[in-house]
Amino acid sequence: KAMLERVAATEERVHAYITLTPELALEQAANADKMRAQGQAGPLTGVPAGVKDVLCTRGVATTCASRMLQNFTPPYSATLVRKLEAAGMVMLGKHNMDEFAMGSSTENSAFGPTSNPWDLRAVPGGSSGGSAASVAARSCFYAIGTDTGGSIRQPASHCGVVGLKPTYGRVSRLGLVAFASSLDQAGPITRSVADAATVLQVIAGHDPADSTSAPRPVPDYAAALRRGVKGLRLGVPKEYFVAGMDPQVEDAVRAAIATLEGLGAQVRPISLPHAEYSLAVYYIIAPAECSSNLARYDGVKYGLSIRPEGADLLEMYTATRSQGFGKEVIRRIMLGTYVLSAGYYDAYYNKASQVRTLLIEDFAAAFKEVDAIVTPVAPTPAFDKGQMTDDPMQMYLSDIFTLSCNLAGLPGMSLPCGFAQSGRPIGLQLMAPHFAEETLLAVGQAFQ
Ligand code: GLN
């Protein structure tokens, strides 16, 4: 009840939620009390949370912040939602986001933007901006976001909270509405590194219903928190300190690296020579997969259906898709259709896939020398609302440091490491080898 009051007190200014589920929350809270009375309570039992509106929740609207799915209520829940429910989650509602998770500011939501609780003029980042803003505004204890090119880490950084993108395959994607299937991964956005470990413990693990989920045992993440950084080798890639980065970000990140060194880590320079192509590769591969995945929204199978009088099938598709999708989603579908079309496939999609392999090899070589990689999360602190809405290229650049991690399928984490003079938070990014989330948690906990 106290959390529902907190949500009511903050929502008018922050607008972190698309849908609130107070009745469900109270029902789940009563159930959590029962679990506790029966001695079945775990660390998340009865803890109020929010879930990004791209994750299916049975009986609760799942809109992906799109007019296309405004009236869509899924008949099943995502595997990770079911796991959280089994652990006793109290769901307060569904968090706002960029439409279909495409964007970096949560301004692409069909239901209006979210504000950054640190400065209401600023964006919270995106696409999991509702989730990060809600954790920062304390209108939930933890949130589940998704990250295709930075959408957990960048908003966590802009909102001064912790965001963990697990290894591709670590958390089931069943019930995560697909944007780019080879990149999408869900993970926790939390107040602390320890909370991230607790949530990851529940949502991680093999799901036989997701063919890309990894059949690997889940380690004890709480134990990893106690490992510290002494003797760990941390690599600082020179390609991530580029011209155009806000000097306040560079200073805060360099200071954080010095702190980690002071805690006993061995810091050394490394190189990821193909990292500079991440943006180009991502903005071919992600739209290509998006154009294919979003073909399912045709006015027949899901959500919105617009059938003008006397319209034939093609006219129905066109009317539904032109009115159902926002500008950015349409831009991505067009880009993706272009790079996959006969005659361009080899020049764009295939070439991008080849460079993606080179990038994966860069990381593999780097992880022979170091245990984790440390970089900034974003080149600037949170920008003002409206500042980049007319300039998609500028918006895309805000993910320049986060994209490579998804292209290589690696785990990554965003940690608060300081503030700009404006009072807006700055984040530090950690990346580790596949399935080495424990290393991220160990370093994060020591730093925090
Ligand atoms: N901002 C990036 C994009 O627009 C990443 C989004 C995401 O991670 N979902 O594609």
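Helices (H or I, at least four residues) and strands (E, at least two) are taken as DSSP runs and numbered from the N terminus. On that count, the chain comes out with 15 helices and 11 strands. The radius of gyration, taken over C-alpha atoms, is 21 Å, close to the 22 Å that the globule rule (2.2 Å times the number of residues to the power 0.38) gives for 448 residues, so the chain is as compact as a globular protein of that length. This is a predicted model, in which local features need pLDDT of at least 70 and side-chain atom pairs count only at pLDDT 80 or more, while totals for chains, interfaces and linings use all residues. Residues are numbered from 1 along each chain as its sequence is written.

Along the principal axes, the C-alpha atoms fill a box of roughly 70 × 65 × 45 Å. A residue is called buried if 20 or more other C-beta atoms lie within 10 Å of its own, exposed if 12 or fewer do, and partly exposed in between, with C-beta atoms placed from the backbone. Buried residues make up 56% of the 448 in the chain.

Next comes the ligand. Around the ligand sit 13 residues (C-beta atom, placed from the backbone, within 6 Å), and Ala-101, Ser-104, Thr-148, Gly-149 and Ser-151 come nearest. The shell splits into 4 nonpolar, 7 polar and 2 charged residues. Here Ala, Val, Leu, Ile, Met, Phe, Trp, Tyr, Cys and Pro count as nonpolar, Asp, Glu, Lys and Arg as charged, and the others, Gly among them, as polar.

Strand E2 (residues 48–52) has 5 of its 5 residues buried, so it is largely enclosed by the rest of the structure. Both faces are covered, with Pro-48, Gly-50 and Lys-52 on one side and Ala-49 and Val-51 on the other. Strands count as paired if DSSP finds at least two bridges between them. E2 runs parallel to E3 (residues 90–95) over 5 bridges, one partner pair being Lys-52 and His-95. E2 is also parallel to E4 (residues 142–147), through 3 bridges, and Ala-49 has Tyr-142 as its partner there.

Together with helix H3 (residues 79–86), E2 and E3 make a right-handed β-α-β unit; right-handed means that, with the strands pointing away from the viewer, the path from the first strand over the helix to the second runs clockwise. H3 is mostly covered, with 6 of its 8 residues buried. Those buried residues pack against E2, E4, strand E6 (185–190) and helix H6 (193–203). Gly-88, which follows H3, has a positive phi near 95 degrees.

The peptide bond from Gly-126 to Ser-127 is cis, with omega near 10 degrees, and Ser-127 lies in the loop between E3 and helix H4 (129–136). His-15, though not a glycine, has a positive phi of about 50 degrees; His-15 is buried, with 22 other C-beta atoms within 10 Å. Phe-435 is another non-glycine with positive phi, near 65 degrees, and is found in the loop between strand E11 (425–431) and helix H15 (437–447).

Methods: Two residues are in contact if their C-beta atoms, placed from the backbone, lie within 7 Å.
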